[in-house]
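Here are some short notes to read beside the model.

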Amino acid sequence: MSLDISPVVKGEKVHFKNPGKRFYEAIGGEEGMIKLMYRFYDKIYESDIAHFFPQDEEEFAKVKEKNSRFFIQICGGPKVYEDEAKGMDLNEYMIRVHDDFSINEKARIEWLGTMREALDEVKEVDEAIKREFWDYLDQFSKLTVNSFSDGSEYYASYTQAQEEKSAN
């Protein structure tokens, strides 16, 4: 199955839907999600965007653990990321965290490509369920891009698919 990366268009309204709990359950709950995220972040540490992350191994381990909790909760698992989000919607919080970094399309593609590698190694999850998770990552990651090839910056406002808002 091909997990395509769609392009970012500055200022374009981005619609996304949180991944369904099906992915969380299919990957093996908290344990499976942690395994996927640690595999992914180990790959990130060797990628072209490693400089976005702490180079100290202990600090990097904290990032892996914290971001695993984000993905556990965003995928319908237990509310293990509430303290970090400080009462904000998880997606909005994550967008604002990324405002502190100069993220361009190339960095986004590297991040997604690395996640695609990690997902390709997950054989026990049905491809259609992986696709739902991927669609969230592909769309949501567009909102973290804030630096463009023309030298301009743009900080996306938080938007979420209307059907997702209605479900909450």
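1. In this predicted model, the residues lining the largest pocket divide by class into 19 nonpolar, four polar and two charged. The space in this pocket comes to about 570 Å³. Its lining has 25 residues, and those closest to the pocket's centre are F53, N67, M94, H98 and W111.

2. Which helices each supply at least two residues of the pocket lining? They are α3 (57–74), α5 (90–98), α6 (105–120) and α7. The largest share comes from α3, with five residues.

3. The structure also has one cavity of 30 Å³ or more. The largest cavity holds about 60 Å³ of space. Its lining is made of eight nonpolar, one polar and three charged residues.

4. Where does S152 lie? S152 is in the loop between α7 (127–142) and α8 (162–167). A polar contact of 2.5 Å links the side chains of S152 and D150.

5. Which residues does S152 touch once its neighbours within four places in sequence are left aside? The contacts of S152 are then K10, N146 and S147.

Definitions and conventions: Residues are numbered from 1 along each chain as its sequence is written. This is a predicted model: local features need pLDDT of at least 70, side-chain atom pairs count only at pLDDT 80 or more; totals for chains, interfaces and linings use all residues. Side-chain values use heavy atoms; hydrogens and water are left out. Helices (H or I, at least four residues) and strands (E, at least two) are DSSP runs, numbered from the N terminus. A polar contact is a pair of N or O atoms within 3.5 Å; within protein, one must be able to donate a hydrogen and the other to accept it, and residues adjacent in sequence count only if both atoms are side-chain atoms. Contact means heavy atoms within 4.5 Å. On a 1 Å grid over the protein atoms alone, a cavity is a set of points where a 1.4 Å probe fits but cannot get out, and a pocket is an open set with protein on both sides within 12 Å along at least five of seven lines; lining residues have an atom within 4 Å of a point. Grid points are joined across faces, edges and corners, and a volume is the space filled by probe spheres set on the points. Ala, Val, Leu, Ile, Met, Phe, Trp, Tyr, Cys and Pro count as nonpolar, Asp, Glu, Lys and Arg as charged, and the others, Gly among them, as polar.
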